Amino acid sequence: MVAGLSLSVMLFAAPALAKDACTDADGVAGVAQPVVAETGQPAATAQPELGATTQREQSPKSTPTVNSEAATQKVHPTTSTTDVGQEEEGGTVPAVVGEEAAIPGADTKTVPKAETTLKSEVAPGADATPTPMPDGVRAAGVTGEETTAQAKETQRAVDDAGSEKLATQAGSGSAQTTDGWVRGADGVWRLYRQGRVQTGWQAHEGNWYYFDAKGDPLKGQQRVYADNKETHSAEDKRHYYYFDDATGIATKGWKYIKSQDKWVYYDLNTSQMQYNQQNVRFNVNNSNWSSQAKDGDYHWYLFDQHTGAALNKWNYIGSQDKWVYYDDVMRWMLYGEHFLHDNNQGTGSRYWYYFDDHTGATTYGYKRIERQGKTVYYARGSGKMAHEWANADGKMIYFDKYTGKKITESQAAYSAWLRIRNNRSATNFYATIDNSNYRAVFFTRVDGQWAPVKDFLCAVGNPRLGSTFRGYSRILSKGRVMGWDPYEYFWTEFFNNGADPTGEGQRFHSILYTGRRDPDNPGPVYEDGRGAKSSHGCVRVALHEARWIYDNVPIGSAVHSFD
């Protein structure tokens, strides 16, 4: 259903690959993690460059904004609405690892109480100018304050049995003059600079870490401040980060948290967990973020406002009054035509929907799909494609049973169907003439039922010149040309009482032309007359329609003419 679905097992189908794929301490599949010795010593690893951006060069024409309005008025797929908002300090937020409350991850159905309008110049949820990670922090390892002799470290891994990984120092070798990683007596690796253990946010060899008051590097999901200030005011906000379970490196990009069965996304600049609508790059293994993005790399995603989990299936965006659908596996917003369940449980029948090519909003009403050469109708309220007879904006219109293509143009076609739906014909075609509404409607059998295939505007007989017959008849004969300037082309006779000495009865035929008898190269139109009682009893239609009748409706087919 979605291009690139083969990548799904590499990123969003991680649970199914947990046994065979590369996994970290939390069971992450599909995301390559740094290799470390069994001692737990952080190993050097290639990480995204600080300052890489998550912003797409150009947002969709209609950039989504976010709102937390309750969605109660839309009648749409059978699913609870999901409005989106911003994580609020003091609200319902997941607890930090180690606290009594569960770490973030349990899906919530809570409808947000507050509305947040995001900037439209860039993707929702992101600042126009990304903040360096983290705010206000400058470590010696990044700014270059250390001398080469002080900063240069050589780390060598020992055997896989778990022997201690040593750090060769550029000084006396004692912990008091150490610059780099040192393993304490408790087995914990800590970062030292000029003999002092480091705490808070620290950058080392291009990666960011967070150390507690003892200098222990944090691991896993943590909620901490984004700076190293000693005190924080009520306005300061803590954010969720994920520190690699083995190395303690702050995660950037996509992360699957197995224990919570959720995919989350950490900003490439700040490493903070993202919420709400985000336009971010799809990167299978979180590798080579600094490379040039290609067309199609960026997608819109919706991240739960409380847990940060990438959502899928039906979701209602209250601020934009639209239903959208996020792919079941890849989690990105869908566009165009898709065959889906009308609920988030995946039960019951599936239906065709169309999602706006720019905004992803569910389409309602008539829609022209040029590449398929058809006009279809999506029910107002549900967005489901109409098939067979359906009320389309107040008229009963017939849409192809299988493709949804609009077949009839008038309510008169439905009235004709009601008249003949139980009738028989010697062939698989049935012709009707509505003399009051000037419609010639042709039916064929579809799965044993009469279904309209053509609905033509026509001219019928003028009572002063000759009325079109009323009643039942059948197709009698056919020909290519009749008359003598003006000419009628592609005639199909449906009534002859034998009273006409020329033997001509009443016929379906083209409007009148002059100049040439060649139906494949007709002259100018002499008289049209459709939409009125203008003929001598025959039924006039457009030239291409007369040819369709001539080519398709066999002799012997039933005909019913009525007022």
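Contact here means heavy atoms within 4.5 Å, and the element names come from DSSP runs numbered from the N terminus, with helices being H or I of at least four residues and strands E of at least two. This is a predicted model, where local features need pLDDT of at least 70, side-chain atom pairs count only at pLDDT 80 or more, and totals for chains, interfaces and linings use all residues. Residues are numbered from 1 along each chain as its sequence is written, and side-chain values use heavy atoms, leaving out hydrogens and water.

So which residues of α4 are buried? In this helix, residues 411–420, they are Ala412, Ala413, Ala416, Trp417 and Ile420; buried means under 20% relative accessible area, exposed over 50%, and partly exposed in between, using a 1.4 Å probe and protein chains only. They sit on the same side of α4, because they cover an arc of only 145 degrees around the axis, taken from the directions from the helix axis to the C-beta atoms.

Rings of Phe, Tyr and Trp (its six-membered ring) pair if their centres lie within 6.5 Å; planes under 30 degrees apart count as stacked, over 60 as edge-to-face and the rest as tilted. By that rule there are 42 aromatic pairs. One of them joins Trp254 and Tyr265, with ring centres 5.1 Å apart and planes at 70 degrees, so the pair is edge-to-face. Trp254 belongs to strand β10 (residues 253–257) and Tyr265 to strand β11 (residues 262–266), so the pair ties together parts that are 11 residues apart in sequence. Trp254 and Tyr265 are both buried. Trp389 and Tyr414 form an edge-to-face pair as well, at 5.1 Å centre to centre and 70 degrees between the planes. Here Trp389 lies in β20 and Tyr414 in α4, so this pair ties together parts 25 residues apart in sequence. Trp389 is buried, with a relative accessible area of 17%. Elsewhere, ring pairs link Phe429, Phe442, Phe456, Phe469, Phe494, Phe495, Phe508 and Trp548 into a cluster.

Now for the sheets. Strands count as paired if DSSP finds at least two bridges between them. Four strands form an open, mixed sheet in the order β27-β28-β29-β33, with β27 (477–482) and β33 (539–541) as the edge strands, each pairing on one side only. Strand β29 (residues 506–510) runs parallel to β33, joined by three bridges, and Ser510 stands opposite Val541 in β33. Helix α5 (residues 543–552) lies across β27, β28 (488–495), β29 and β33, at about 50 degrees to β28; axes are lines fitted to C-alpha atoms, for helices over the stretch in contact, and angles run from 0 to 180 degrees between N-to-C directions.

Another open sheet has three strands in the order β3-β4-β5, with antiparallel pairing. β3 and β4 (residues 189–193) share four bridges, and Trp181 stands opposite Leu191 in β4.

How far can you trust the coordinates? pLDDT is the predictor's confidence in each residue, from 0 to 100. The protein chain averages 76, and 66% of the residues score at least 70. Over residues 1–75 the pLDDT is below 50, and it stays under 50 over residues 78–175. Where pLDDT is low, the predicted coordinates should not be read in detail.
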